[in-house]
Amino acid sequence: MSDNEIRLNEPQKIANGIYWVGKRSEKELEVNVYLRVFEGNGHKINMLIDPGPTTDVDIISDKIEKVLGPDFKIHFAFINHQDPDVAMNAVYFQRHFPSMQIITTEDTWRLIRFFGLNPQRFIAVEKYKSRRISLKTGHKLVFIPTPYCHFRGACAIYDETEQVLFSGDLFGGLSEKPDLYAGEDYWNGMKIFHQIYMPANLALHNAVNAIQKVNPNPKMIVPQHGSIIKDALIANFMEKIKNLKVGLDITSNNSLLVESHLNTANEILKNVKYKINETIVNEVFDAFKSDGSFPEIIIFNKDNQIIGFNITLNDAFQMLIDKLIVGRENTEKRQIRHIILDALAKWNLPAEQFSIEADENTDEMTNLESSQIFEANEGTTQGKEIERLNIKKLLDYFIEQGGGA
Ligand SMILES: [Fe+2]
Ligand SMILES: [Fe+2]
């Protein structure tokens with residue numbers, strides 16, 4: 001167990017009075033839960049933000065107890081939207097603390113009430129026309145509705161005092177590492193998560209616009225999945241999210257184009273299997289298998305044939321290329337590269353939109369017909385080891401393409 005994992009067995013103070021009390025499960029999609037402790041004017045008020053799924057309840061309760069002591073009480077829970085990974089534990093905490101209030105939108109309430117929550121303890125966000133509330137402790141909270149990110153009634157909550165935005169699924173992402181704080185590489189997992197879970201760019205665009213109007217600006221964005229975003233990465237990721245094609249933007253892809261990509265990908269796999277080595281194809285198949293916390297990014301049937309893509313064609317194809325090539329020894333690498341370039345040419349897909357790793361020995365490369373035609377894009381994934389068998393590891397090799405996002 002790494003130092004980092006040991007550390008994450010404890011609650012983490014992320015700002016004054018704000019604690020991460022979630023669980024790290026080593027899944028692709030990690031679930032975060034936050035506790036906000038407001039103190040002031042002789043009052044102490046404890047709020048849970050997105051209290052999480054039943055499966056994590058013991059760990060979450062333990063961490064809360066470590067922060068608040070054994071006789072703790074939760075006064076209210078804020079719920080971004082109705083999904084079980086977000087809201088289910090509200091029932092558990094309300095059973096222990098029957099006076100615990102639930103603050104959420106009317107749209108979300110209409111669904112989470114079926115979990116068995118007490119309707120007498122529901123406070124609608126819509127009740128506050130200004131979308132702002134002041135607590136007896138002197139703290140201020142602002143509700144920022146983020147419609148269709150990813151539910152129509154989704155709503156973020158902004159802690160104005162600490163300048164921390166609890167954003168729900170928005171800014172969530174798959175985790176390459178168990179780390180609590182995002183680095184620049186968090187974008188890879190965030191991009192895939194949004195492409196699959198968010199319905200359309202318009203929803204993201206509107207939500208980010210609303211967040212950008214908040215004054216003072218957030219110093220920290222704490223999503224319900226993945227990593228916490230701080231400092232310069234906030235502006236950087238907001239711009240990227242604003243321009244990201246997701247959901248319907250992607251599935252409305254020209255069906256002929258989808259078909260050419262499927263044909264090309266399967267031809268590549270077939271040729272690698274018969275001309276080089278079946279093990280490579282099996283490795284690719286394993287690498288794209290979901291661990292169950294997230295949908296498959298590239299969908300295979302039981303015969304290892306690709307039958308669909310859940311992210312943009314370019315991104316999916318680039319991941320496939322990387323998995324096939326990166327870390328192979330030079331001869332294999334050259335053969336695979338040759339097969340890829342031939343298949344792309346056959347199905348009339350432009351090779352220049354993909355980064356196909358160059359061979360380290362350029363002299364040998366000149367013997368290859370394809371290499372004389374296509375320029376290799378150097379320096380992106382070269383020299384990395386290939387011992388990954390899941391998407392978490394695969395993300396290390398994901399190369400961003402200019403066009404998609
Ligand atoms: Fe959700
Ligand atoms: Fe979620």
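**A walk through the model**

Asp179 is partly exposed, with a relative accessible area of 30%, where buried means under 20% relative accessible area, exposed over 50%, and partly exposed in between (1.4 Å probe, protein chains only). Asp179 lies in the loop between strand 11 (164–168) and helix 6 (186–197), helices (H or I, at least four residues) and strands (E, at least two) being DSSP runs numbered from the N terminus. Although Asp179 and Ser227 are 48 residues apart in sequence, they are 6.9 Å apart in space, C-alpha to C-alpha.

This is a predicted model, in which local features need pLDDT of at least 70 and side-chain atom pairs count only at pLDDT 80 or more, while totals for chains, interfaces and linings use all residues. Residues are numbered from 1 along each chain as its sequence is written, and side-chain values use heavy atoms, with hydrogens and water left out.

Turning to the sheet, six strands form an open sheet with mixed pairing, in the order 8-9-10-11-12-13, two strands being paired if DSSP finds at least two bridges between them. Its edge strands are strand 8 (132–134) and strand 13 (229–230), each of which pairs on one side only. Within the sheet, strand 9 (residues 140–145) and strand 10 (residues 155–159) pair in the antiparallel sense over five bridges, and Val142 has Tyr158, in strand 10, as its bridge partner.

Elsewhere, Asp58 has its place in helix 2 (residues 57–68) and is exposed, with a relative accessible area of 58%.

Notes: Chains are lettered from A and ligands numbered from 1 in the order in which they are written.
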